[in-house]
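Thanks for coming. I will take a few minutes on one model and go through it piece by piece. Please look at the picture first.

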Amino acid sequence: MAIYERLYKYFGPSHWWPADTPFEIIVGAILTQNVAWKNVEKAIINLRDAGLLEPEAIYGTSKEELETLIRPAGFYRAKAKKLKAFVEHLRKRYNGSLSAMFSRPLTELRQEMLAIYGIGPETADAILCYAGNYPIMVMDVYTRRVFTRMGFFDDNISYDGMQAFFMDNLPEDQHLYKEYHALIDGLAKHFCRKNRPECQGCPLGDICPRIGVNI
DNA sequence: GCCCAGGGGGCTC
DNA sequence: GAGCCCCATGGG
């Protein structure tokens with residue numbers, strides 16, 4: 001965990017996931033797909049002001065109304081449909097109870113979530129980890145970029161392959177997984193940006209084999 | 001004006 | 001099952 005220790009020492013504890021309730025985390029996980037978090041915040045505020053940060057409230061709201069409120073988050077038609085798909089599944093399968101959903105075994109629930117429209121591997125894992133407190137680590141483009149540049153695996157590694165790499169080599173600890181993902185995000189934004197590595201001052205600089213010659 | 005941001009669905013071959 | 005295109009707004 002040498003890398004984790006360094007990142008934690010450099011960045012300190014994070015605030016992931018920034019939300020008041022598990023359902024708000026789920027909404028955020030869907031809304032943030034391929035969009036900067038900044039944009040999502042506006043949509044979340046709109047939903048909160050409208051009293052829609054509850055499953056039943058979203059269930060009872062028209063798709064058109066939802067679209068208007070989440071517009072700042074981009075892809076608003078697709079995302080309104082995804083929010084609807086989730087709350088409909090929640091109601092049908094768990095009578096609207098998130099705690100009932102999150103009492104199921106991790107592997108089974110993950111499979112079930114992947115079958116819901118709009119929920120792929122990253123979104124499913126974000127929901128399971130940050131809203132459900134399951135011990136599973138979220139992978140993303142940042143994780144891929146940082147660890148590919150460091151030489152741990154090839155850029156074309158699958159999502160599942162990448163996740164196995166981390167979870168097979170780390171203790172099973174939800175707090176560790178939550179924090180590690182957040183730390184990688186911080187590193188990628190500050191020092192390992194797309195098409196622009198800023199290796200000066202990078203906490204991993206001396207152990208990154210490709211320092212200075214990145215894409 | 002261009003690129004990027006905390007992806008996923010659906011189609012094609 | 002890999003390779004594309006689509007979805008769409010907002011900030012740097």
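First, some ground rules. This is a predicted model, in which local features need pLDDT of at least 70 and side-chain atom pairs count only at pLDDT 80 or more, while totals for chains, interfaces and linings use all residues. Residues are numbered from 1 along each chain as its sequence is written, and chains are lettered from A and ligands numbered from 1 in the order in which they are written.

Chain A has twelve helices and two strands. Here helices (H or I, at least four residues) and strands (E, at least two) are DSSP runs, numbered from the N terminus. Reading from the N terminus, the order is α-α-α-α-α-α-α-α-α-α-α-α-β-β. The radius of gyration of chain A is 18 Å, close to the 17 Å that the globule rule gives for 215 residues, so the chain is as compact as a globular protein of that length. That radius is taken over C-alpha atoms, and the rule is 2.2 Å times the number of residues to the power 0.38. Along the principal axes, the C-alpha atoms of chain A fill a box of roughly 55 × 35 × 30 Å.

How much of chain A is buried? Of its 215 residues, 31% count as buried. Buried means that 20 or more other C-beta atoms lie within 10 Å of the residue's own; exposed means 12 or fewer, partly exposed is in between, and C-beta atoms are placed from the backbone.

Next, the domains, whose bounds come from an automatic or database domain assignment. Domain 1 is 2–13 + 138–207, and domain 2 is 22–131. Their centres, taken over C-alpha atoms, are separated by 26 Å. Seven residues of domain 1 are in contact with six residues of domain 2, contact meaning C-beta atoms, placed from the backbone, within 7 Å. On the domain 1 side, H12 gives the most, with three residues.

So let us look at H12. This helix covers residues 174–190, 17 residues in total, and reaches 25 Å from its first C-alpha to its last, close to the 24 Å expected at 1.5 Å a residue. The expected span is 1.5 Å times one less than the number of residues. Its buried residues include Tyr-177, His-181 and Ile-184. Among the elements that cover them are helix H1 (2–11) and H9.

H9 also turns up at the DNA. It gives the most to the surface near DNA strand B, with four residues.

H6 gives the most, with three.

Last, Lys-194, in the loop between S1 and strand S2 (196–197). Is Lys-194 buried or exposed? It counts as exposed, because it has 10 C-beta neighbours inside 10 Å. From Thr-123, Lys-194 is 71 residues away in sequence and 21 Å away in space, C-alpha to C-alpha.

Methods
Contact = placed C-beta atoms within 7 Å.
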